[in-house]
Amino acid sequence: MPSTTNGRLLRPAALIAAALLAASVAACGSSDDPTTAAPSASATASASASVGTPAGVLGIRDPWVKAADKGMTAAFGTLVNDGDTDVTVTGARTDVSPMELHEMTMKDGKMVMQAKPGGIVIKARSRTTLQPGGDHLMLMDLKQPVKAGDELSFTLTFADGRTQTFTAVAKPFTGAQESYAPGHGEPMPGMSTTPAA
């Protein structure tokens, strides 16, 4: 039994020694050889790029865009604030159209869509869902069709001046039967919030 315990104690020490030996061998490589340091630098860059969420901003879960041939459409998803302070989204942009932050609200007993004053606030340690029939990122005048399966890049701007970019996939969605026409403040019928897969 003692030899098993000793074996466990020696195993981490052996791994550390092997790692140090590998590091010293790598350090002996020629500093003129650009391939020596490049792989770890590009690996770090691609790891950082894949994370995509600067510390202290937001996590963005299940982002998607309603597919549309022309006119207007919207982007949705869940914004997650794991930080200790509230975060306010004050703007959004994409290459395919101008954008506004929108909300659905009751006016004269009818549900209408309008620009969201003050931006979208995600409270500390909470999440906000952008969805049909609620807050959403409105694409105002499409320059090109957004087809199911297209990937669109969006950049959010926050009240403190920081920005964050994310990608959303376009999906067909007919559940809300909404119309994103120029009179987008018009009443809208009942909403379903599940896009087609």
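1. Buried means under 20% relative accessible area, exposed means over 50%, and partly exposed is in between, with a 1.4 Å probe and protein chains only. Trp-64 counts as buried too, at 6% relative accessibility.

2. A word on the model. It is predicted, so local features need pLDDT of at least 70 and side-chain atom pairs count only at pLDDT 80 or more, while totals for chains, interfaces and linings use all residues. Residues are numbered from 1 along each chain as its sequence is written, and side-chain values use heavy atoms, leaving out hydrogens and water.

3. Now the rings. Rings of Phe, Tyr and Trp (its six-membered ring) pair if their centres lie within 6.5 Å; planes under 30 degrees apart count as stacked, over 60 as edge-to-face and the rest as tilted. That rule gives 3 aromatic pairs. In one of them, Trp-64 and Phe-76 sit 4.6 Å apart, centre to centre, with 35 degrees between the planes, a tilted pair. Trp-64 belongs to strand β1 (residues 59-66) and Phe-76 to strand β2 (residues 73-81), so this pair links distant parts of the chain, 12 residues apart. Helices (H or I, at least four residues) and strands (E, at least two) are DSSP runs, numbered from the N terminus. Ring pairs also bring in Phe-173, making a cluster of Trp-64, Phe-76 and Phe-173.

4. Phe-154 and Phe-166 make a stacked pair, 5.4 Å centre to centre with 20 degrees between the planes. Phe-154 is in strand β9 (residues 151-158) and Phe-166 in strand β10 (residues 163-171), again 12 residues apart. Both Phe-154 and Phe-166 are buried.

5. How do β9 and its neighbours pair? Two strands pair if DSSP finds at least two bridges between them. β9 and β10 pair in the antiparallel sense over 7 bridges. Their hairpin has 4 residues between the strands, and Gly-161 there takes a positive phi near 95 degrees. Strand β3 (residues 87-93) pairs with β9 as well, antiparallel over 4 bridges.

6. Thr-155 is worth a click. This residue lies in strand β9 and is the bridge partner of Arg-93. Thr-155 is buried because its relative accessible area is 11%. Leaving aside residues up to four places away in sequence, Thr-155 touches Gly-91, Ala-92, Arg-93, Thr-163, Gln-164 and Thr-165, where contact means heavy atoms within 4.5 Å. The side chains of Thr-155 and Thr-165 are joined by a polar contact of 3.0 Å. A polar contact is a pair of N or O atoms within 3.5 Å; within protein, one must be able to donate a hydrogen and the other to accept it, and residues adjacent in sequence count only if both atoms are side-chain atoms. Asp-95 is 60 residues from Thr-155 in sequence, with 9.7 Å between the C-alpha atoms.

7. Asn-81 lies in strand β2. Asn-81 counts as buried because its relative accessibility is 0%. A polar atom of the Asn-81 side chain lies 2.9 Å from the backbone oxygen of Thr-85, and the backbone oxygen of Lys-123 lies 3.3 Å from a polar atom of that side chain. Beyond four places in sequence, the residues that Asn-81 touches include Val-57, Leu-58, Asp-86 and Ile-122.

8. Most residues other than glycine have a negative phi. Asp-108, however, has a positive phi near 50 degrees; Asp-108 lies in the loop between β4 (99-107) and β5 (110-115) and counts as exposed at 80% relative accessibility. Arg-125 has a positive phi of about 55 degrees. Arg-125 is in the loop between β6 (120-122) and β7 (126-130), and is exposed with a relative accessible area of 57%.

9. Finally, the whole chain. The protein chain has 2 helices and 10 strands, running α-α-β-β-β-β-β-β-β-β-β-β from the N terminus on. Buried residues make up 31% of its 197 residues. Of contacts between residues at least 6 apart in sequence, 65% join residues at least 24 apart.
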